[in-house]
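Subject: Structure for you to look at

Hello,

Here is the structure I said I would pass on. My notes on it follow below.

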Amino acid sequence: MSDMYCPKCKTLLNNDEKASGKCFNCGASFSSVLPEEKKSTQTSDAISNENAIGGILKAIGILILIIGTIGSIVIAGGDGYGYEFSFARFILP
């Protein structure tokens, strides 16, 4: 950052004085010249990509949960002669 001096007393200004636009030694006012921070567009692109991947993984997880539950119920019914539900037969597959 470039050095900046007070227009009245010619002392070197620190960052606080530059940001406030006022010299703390003599009280002179001047325009603040600190640059504003620019937001990076790369971070917003990365965030949107992470959200898309997270959404896809969430959908796959829900499908696996549904298909697995249906499959467990079908296997627990098992022998085809009658449907006798057992919690142990539901959990083990």
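A residue is called buried here when its relative accessible area is under 20%. By that cut-off, buried residues make up 13% of the 93 residues in the chain. Please keep in mind that this is a predicted model.

Overall fold. The chain has 3 helices and 0 strands, so the order of elements from the N terminus is α-α-α. Of the contacts with a separation of 6 or more, 8% join residues 24 or more positions apart. The chain exposes about 7700 Å², and 61% of that comes from carbon and sulfur atoms.

Glu-17. This residue sits in helix α1, which covers residues 15–20. What does a buried Glu-17 have around it, if there is no salt bridge? The nearest side chain of opposite charge belongs to Lys-18, at 8.4 Å, whereas a salt bridge needs the two charged groups within 4 Å. The Glu-17 side chain does reach the backbone nitrogen of Phe-24, at 3.0 Å. Apart from neighbours within four places in sequence, Glu-17 is in contact with Leu-12, Lys-22, Cys-23, Phe-24, Asn-25 and Phe-30.

Nonpolar surface patch. Which residues form a nonpolar patch on the surface? They are Ile-53, Ile-56, Leu-57, Ile-60 and Ile-64, with about 510 Å² of accessible area together. One of them, Ile-53, is found in helix α2, which spans residues 41–77.

Regards

Conventions:
Residues numbered from 1 in each chain as written. Predicted model: local features only at pLDDT ≥ 70, side-chain atom pairs only at ≥ 80, totals over all residues. Heavy atoms only, no water. Helix = DSSP H or I, 4+ residues; strand = E, 2+ residues; numbered from the N terminus. Buried < 20%, exposed > 50% of the residue type's maximum accessible area, 1.4 Å probe, protein only. Lys, Arg positive; Asp, Glu negative; His and termini not counted. Polar contact = N/O pair within 3.5 Å; in protein donor to acceptor, adjacent residues only side chain to side chain. Contact = heavy atoms within 4.5 Å. Patch = residues over 30% accessible without salt bridge, like charges linked within 9 Å, V, L, I, M, F, W, Y side chains within 5 Å. Areas by Shrake-Rupley, 256 points an atom, 1.4 Å probe, with all protein chains shown as cover.
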